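Please open the structure in your viewer and keep the selection panel at hand. The stops below say what to select next and what is there.

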Amino acid sequence: MGEAAPRRVAVRALCDFTAREGDLDHRFTPAPSAREGMAGHAMVASRRGEGFEVELPLAGTVEGLTVSGRADGYDPAANRLEEIKTHRGRLDRMADNQRALHWAQASVYGALLCAERGLASLTLALVYLDVASGRETVLTREASAAELDAFLATQCRRFLAWAEQEAEHRARRDAALEALAFPHPDFRPGQRDLAESAYKAASTGRCLLAQAPTGIGKTLGTLFPLLKAMPRQGLDRLAFLTMKTPGRRLALDALAALGTDAPRDDAPRPLRVLELTAREKACEYPGRACHGEACPLAAGFYDRLPAARRAGVTRGWLDREALRAVAGEHGVCPYYLGQELARWCDVIVGDVNHWFDANALLHGLARADGWRTGLLVDEAHNLVERARGMYSAELDQRRLSRLRREAPGALKSPLGRLSRQWQALVKEAGLEEAGEPGRPAYRVLAGLPDGMVAALSGVASAITEHLGEHPEQASLALQELLFEALAFTRLAESFGEHSLCDLARHGRGRAVLGLRNLVPADFLAPRFAAAHAAVLFSATLSPAPYHRDLLGLPQATVWREVASPFAAEQLEVRIRADISTRLRDREASLAPLVAELAGQFRRRPGHYLAFFSSFAYLEASLARFREAHPEIPVRAQTRGMREEARDAFLAGFAPGGASIGFAVLGGAFAEGIDLPGDRLVGAFIATLGLPPADAFNEALKARLAARFGRGDDYAYRIPGLIKVVQAAGRVIRGPDDRGTVVLMDDRFARREVRERLPAWWGPPVTVRDGASLPARW
């Protein structure tokens with residue numbers, strides 16, 4: 001065999017892997033921000049003598065492993081190496097595993113320094129700086145060069161055994177992926193085009209926007225080419241990112257079809273697959289805190305982690321249930337075991353927040369470990385709204401009011417200042433009177449309310465300091481207000497034209513201050529830049545400039561529309577141009593709308609979905625329909641529908657049956673559900689899906705017009721039609737399906753709207769059973 005490739009590891013990564021011990025401890029501990037941490041390091045350095053060396057680069061090779069990093073500081077006169085850590089509050093609350101990690105880092109840096117400068121011994125110092133008081137707590141110990149060298153050698157041997165295993169796994173993985181074959185005799189129509197475009201994106205290191213219709217197998221058509229590209233492009237990880245839980249299941253099913261879940265006798269699987277789930281869904285002990293005194297799976301977590309980690313990578317296929325089984329066998333928390341195994345698995349299937357959120361796990365690991373990552377983003381038309389939510393925050397006045405009554409005395413003053421700022425803000429915005437019944441008084445503010453933000457920052461600091469000294473008083477209410485305040489103030493630091501600030505008043509003492517992201521591009525662009533390649537796919541990604549602009553995609557992003565495998569003959573599309581679903585015309589629309597639903601049902605009995613712009617419109621239509629046609633079975637989506645109720649709603653669409661399901665456009669039943677064959681034969685869409693022309697959306701329109709010159713399109717028309725086409729896409733799911741879509745609004749007859757409907761639908765038939773209404777938006 002040829003000479004082994006050189007192995008490298010950073011000091012922090014080496015110690016993270018080899019030196020953590022004891023309990024998992026995630027109870028609330030106020031921590032300095034990254035900015036405060038950097039300022040703290042600078043403060044400590046400024047207190048040292050003239051010859052004090054900072055950010056000292058050190059490296060050394062032990063048994064073929066090169067270890068490198070930057071030591072915080074070294075005082076040659078005192079022969080003292082310092083590892084500086086910032087903290088808030090009582091130092092005795094620091095978890096033992098953290099202290100062990102800090103000593104390990106200091107010892108590794110000490111070994112490297114002794115070797116580089118020929119030192120016989122050294123003083124190691126852990127310097128803990130309280131960022132609030134500026135007080136230093138220094139822990140020291142003397143160590144000989146021989147002792148430190150032996151410690152480093154032990155850590156390196158532990159890591160090298162794992163690194164050798166990982167190198168062997170990488171070779172097996174790449175060989176298996178080179179030989180990977182498509183699991184079916186042939187591609188579906190359109191699927192090959194999609195696969196070729198995805199492979200080319202990975203080969204050229206670009207982003208791809210792929211609009212591909214339902215039914216061609218988009219999941220498999222993107223996974224297969226990216227897996228084939230992994231060995232050829234040196235990709236370390238592939239992340240399949242979804243908007244909803246069903247998307248994860250589809251990805252895992254596609255990976256299973258490729259044979260990656262098949263047992264390999266006693267040999268490790270060549271491809272490791274991990275499903276990441278939300279903490280609340282993975283937790284075995286809901287309601288218990290994440291530390292060893294409260295949860296048995298946190299006690300001794302790091303002592304049992306190495307064996308659990310080995311078992312996990314050996315098992316290889318780690319969907320939610322398999323990961324839970326491994327965690328159970330080793331007595332560790334499945335959620336945090338999954339977080340650890342994300343470092344060592346080849347394909348990670350999880351929610352989009354794992355890459356795009358401000359504190360995203362996978363993005364953080366990719367940056368820290370220098371991964372070449374491929375991204376697959378399913379149902380990518382939802383990413384604009386999901387990302388807006390990731391970079392928005394709210395502050396609720398009621399939470400402050402409740403807390404003031406029970407807050408510790410030390411917090412009364414800062415909470416009082418914040419309360420007065422609330423009152424001043426409501427008065428300044430002219431919202432002292434409540435809004436209309438059922439609607440809050442609302443105002444888009446001219447900018448950030450500086451006084452409010454300053455008071456909020458003061459409250460966050462005060463709570464943080466107080467809980468640092470009195471951790472036993474960390475009530476849920478206090479923590480919730482702190483997290484709200486921190487989220488708001490951190491986003492306020494980056495406030496700009498991509499966001500706005502608004503205030504809604506629902507009544508006395510019931511105001512909500514919002515910091516709303518409008519253009520996620522400014523936050524997402526660095527996330528796309530950090531990936532080697534990204535493939536965003538959906539049945540509704542048109543027009544391309546809308547997604548390029550709002551998602552911050554690179555200039556070289558490629559747009560590809562995959563031809564539909566369906567024919568116009570499969571789908572009858574009618575436009576009821578005599579119906580207006582505008583708010584002012586809702587009452588007049590009910591009679592013709594109900595007649596259309598009943599008439600189509602009688603012409604072709606079967607299961608239908610009828611989509612409405614709001615629950616109010618749905619409920620009015622449903623009541624009128626039941627009154628006029630009690631013989632036709634109906635069911636309806638309800639507000640706040642629970643998961644089991646949603647499942648029961650879908651179960652009603654049984655083969656061979658006939659009914660009409662009433663649902664809200666853009667809701668749980670308008671996309672991401674699969675009702676093939678006669679489980680669904682048609683859809684009625686009684687809305688253009690346009691967001692309401694309220695103060696917020698008008699402000700959004702103005703901001704998008706100023707930045708992109710496309711205010712109406714980007715704020716209203718494009719998002720609305722995306723919802724319409726998604727809902728209509730529930731009807732034709734396979735090559736043998738036949739169905740009907742009825743678009744009920746005169747505006748669908750407009751040329752500019754018809755041109756944005758899917759080309760394969762063919763020309764819709766415009767029907768005017770009543771008097772024509774004037775064409776207008």
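How many aromatic pairs does the structure hold? The model on the screen is a predicted one, and it holds 22 aromatic pairs. To look at one of them, select Phe 649 and Phe 669, whose ring centres are 4.2 Å apart and whose planes meet at 25 degrees, so the pair is stacked, given that planes under 30 degrees apart count as stacked. This pair links distant parts of the chain, since Phe 649 belongs to helix 23 (residues 643–651) while Phe 669 sits in the loop between strand 22 (659–664) and strand 23 (682–686), 20 residues apart. Both Phe 649 and Phe 669 are buried.

Next, select Phe 17, Phe 159, Trp 162 and Trp 344, which together form one aromatic cluster. Keep Phe 159 on display, for it is also among the residues in contact with Leu 65, the next selection.

Leu 65 is found in strand 3 (residues 65–75). Is Leu 65 buried or exposed? Its relative accessibility is 0%, so Leu 65 counts as buried. If you leave aside the neighbours within four places in sequence, the residues in contact with Leu 65 are Arg 7, Arg 8, Val 9, Gly 60, Cys 156, Phe 159 and Leu 160. For a sense of distance, select Gly 37 as well: it is 28 residues from Leu 65 along the chain, and the C-alpha atoms of the two are separated by 30 Å.

From there, move to Glu 63, in the loop between strand 2 (53–62) and strand 3. With a relative accessibility of 51%, Glu 63 counts as exposed, because the cut-off for exposed is over 50%. Its backbone also deserves a look, as phi of Glu 63 is near 50 degrees, a positive value in a residue other than glycine. Asn 79, in the loop between strand 3 and strand 4 (80–87), is likewise not a glycine and has a positive phi of about 50 degrees. Most residues other than glycine have a negative phi, and most peptide bonds are trans.

Pro 543 is in the loop between strand 17 (533–538) and helix 20 (544–551).

The next stop is Arg 574, in strand 19 (residues 571–576). Why does Arg 574 count as buried? Its relative accessible area is 9%, and buried means under 20%. Show the side chains here, and you will find that Arg 574 is joined to Glu 572 by a polar contact of 2.8 Å and to Glu 596 by a polar contact of 2.4 Å. Setting aside neighbours within four places in sequence, the contacts of Arg 574 include Glu 596, Gln 600 and Arg 603, along with Thr 740, Val 741, Val 742 and Leu 743, and also Val 765 and Val 767.

Finish at the largest cavity, which holds about 50 Å³ of space; the count of cavities of 30 Å³ or more comes to one. To outline it, select Glu 275, Leu 276, Thr 277, Ala 282, Leu 323, Pro 334, Tyr 335, Gly 338 and Gln 339, which line this cavity. Which helix gives the most to the lining of the largest cavity? Helix 11 (residues 334–341) does, with four residues. Colour the lining by type, and five of its residues are nonpolar, three polar and one charged.

Notes: Residues are numbered from 1 along each chain as its sequence is written. This is a predicted model: local features need pLDDT of at least 70, side-chain atom pairs count only at pLDDT 80 or more; totals for chains, interfaces and linings use all residues. Side-chain values use heavy atoms; hydrogens and water are left out. On a 1 Å grid over the protein atoms alone, a cavity is a set of points where a 1.4 Å probe fits but cannot get out, and a pocket is an open set with protein on both sides within 12 Å along at least five of seven lines; lining residues have an atom within 4 Å of a point. Grid points are joined across faces, edges and corners, and a volume is the space filled by probe spheres set on the points. Helices (H or I, at least four residues) and strands (E, at least two) are DSSP runs, numbered from the N terminus. Ala, Val, Leu, Ile, Met, Phe, Trp, Tyr, Cys and Pro count as nonpolar, Asp, Glu, Lys and Arg as charged, and the others, Gly among them, as polar. Buried means under 20% relative accessible area, exposed over 50%, partly exposed in between (1.4 Å probe, protein chains only). A polar contact is a pair of N or O atoms within 3.5 Å; within protein, one must be able to donate a hydrogen and the other to accept it, and residues adjacent in sequence count only if both atoms are side-chain atoms. Contact means heavy atoms within 4.5 Å. Rings of Phe, Tyr and Trp (its six-membered ring) pair if their centres lie within 6.5 Å; planes under 30 degrees apart count as stacked, over 60 as edge-to-face and the rest as tilted.
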